[in-house]
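Have the viewer handy as you read.

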Amino acid sequence: MKKKVIRKKAGMHKRYASGFQYQQDSIYFAQIAENLIKLGAQELTELGATEVKPSFRGIYFKAEKKIFYKINYMTRVVSRILAPVVSFPCEDSDTLYKMGKKIKWENLISRKQTFAIKSNVSDSNINHSQFASLRLKDAVADYFRETTGKRPDVDTDNPDLQINLHIRNNKADISIDASGGAPLHKRGYREETVAGPMQETIAAAIIKFTEWDGSVPLYDPMCGSGTLLCEALMHYCHIPAGIFREKFGFEIMPDFNPDLWKQVKKECDTNIIELPKGIIAGSDISEDSVNAVKTNLMGLHYGSNISIEQQDFNNIPSLENSIIVINPPYGIRMGKDQDLNKFHKRLGDFLKQKCKGSTAYIYFGDQQYISQMGIKATWKKPLKAGGLDGRLVKYNMY
């Protein structure tokens, strides 16, 4: 650790002279699910970003360093934050290799550290992501061999430097993954899981779509491993989404300011508020699910203030004047379509009979079951998750 700090200080002037793209314009790129771009743009603006511009598969935004750190730490719906290094026309793999070798990689990592490359290509002469990754990997390795005599190793699981390569319409963008090796949706609170868990960013988006502010109770009668409940808790208490993250990719960036990062983290952590008992609760028919959600909540601030019970939703006496969030079982989690049809009819009957004055937000991984509910939807939003072309549906129960 000591040698690493000394290396950073000694090379500080050289690194600033590298002139990476993000250092010149303070513009970054947020990768996000297509259906969440509008929501993500709103969140980025709320966190202090400016010049927020939705684009293909993400959002460009401008941020001073303090806001940049805050966004990485706080964002709930963005998957990754990229810091652009260089962009150039790229008609073929030789161009990619040559331009890759021009980057001053020693300003990002030493030969003793590790790196990995994640690529995405579309509508270009280079039409294979794995091949593009290989060519850029060769460029990085050969650069170090020629300048130091030894190349850094590749580590796809936990690299010191995660490089992102995006080629579209024969234009290449090479970026630093400021989030790190793991995407931002991996919060770190999920110790236990059950079949078909919901991705954290999707659960966070659903909570945002409800516009729940804690003025009425929130309940999940099919809580599974508790992702919706955990995200509701973090939302209400202002718990940073990255609070359990051990490191961020931006910590290896040449202009990283550790003191400013500590300040940002402290300010965000200071804003955490307590969750009163009785505001968030959930249940599930499965004992394994109940045990999983209790374990996952255990590590979160005020997780013990969330009540979890084992019961069939049909046996709940009533859920009146509440916000109800549900990710019902689907596909292999339930079995045959006939069972699912009956299941969704019972769910619709439950909402009509026992949830007066409540508003329900239900995620349907398979759209065909919306018609089985037997109640009129207030709105439907496309929401792709885990390969499912699903819909989030709102129901106002009168």
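Let's start with a helix contact: S93, D94, L96, Y97, G100 and K101 of α6 touch F131, A132, R135, L136, D138, A139, D142, Y143 and E146 of α7. Sorted by class, this α6 and α7 contact has seven nonpolar, two polar and six charged residues. Bear in mind that the model you're looking at is predicted.

The α6 and α7 crossing is right-handed. A second pair, α5 and α10, also has a right-handed crossing. Here is the geometry for both:

| Helix pair | Axes come within | Crossing angle |
|---|---|---|
| α6 (residues 93-102) and α7 (residues 129-148) | 8 Å | roughly 35° |
| α5 (residues 65-74) and α10 (residues 258-270) | 9 Å | roughly 50° |

With a crossing of roughly 50°, α5 is therefore oblique to α10. On the α5 side, the contact uses K65, K66, Y69, K70, Y73 and M74, and these meet L260, W261, Q263, V264, K265, E267, C268 and D269 of α10. That contact is made up of seven nonpolar, one polar and six charged residues.

Now for the open space. The largest pocket has a volume of about 930 Å³. Its lining takes in 40 residues, and F29, Q31, I32, R57 and N120 are the ones nearest the centre of the pocket. Which element gives the most to that lining? It's β7, which supplies five residues. Elements that each bring at least two residues to the lining include β1 (27-31), β4 (80-89), β5 (114-122), β8 (171-177), β14 (379-385) and the helix α8 (200-210).

Around the second largest cavity you'll find N72, Y73, T75, L184, K186, R187, A241, G242 and R245. This lining has three nonpolar, three polar and three charged residues.

Key
Residues numbered from 1 in each chain as written. Predicted model: local features only at pLDDT ≥ 70, side-chain atom pairs only at ≥ 80, totals over all residues. Heavy atoms only, no water. Axes fitted to C-alpha atoms, helices over the stretch in contact; angles between N-to-C directions. Helix = DSSP H or I, 4+ residues; strand = E, 2+ residues; numbered from the N terminus. Parallel < 35°, antiparallel > 145°, perpendicular 65-115°, else oblique. Left-handed = near helix turned anticlockwise from the far one by under 90°. Contact = heavy atoms within 4.5 Å. Nonpolar A, V, L, I, M, F, W, Y, C, P; charged D, E, K, R; others polar. 1 Å grid on protein atoms, 1.4 Å probe; cavity = no way out; pocket = protein on both sides within 12 Å on 5 of 7 lines; lining within 4 Å. Points joined across faces, edges and corners; volume = space filled by probe spheres on them.
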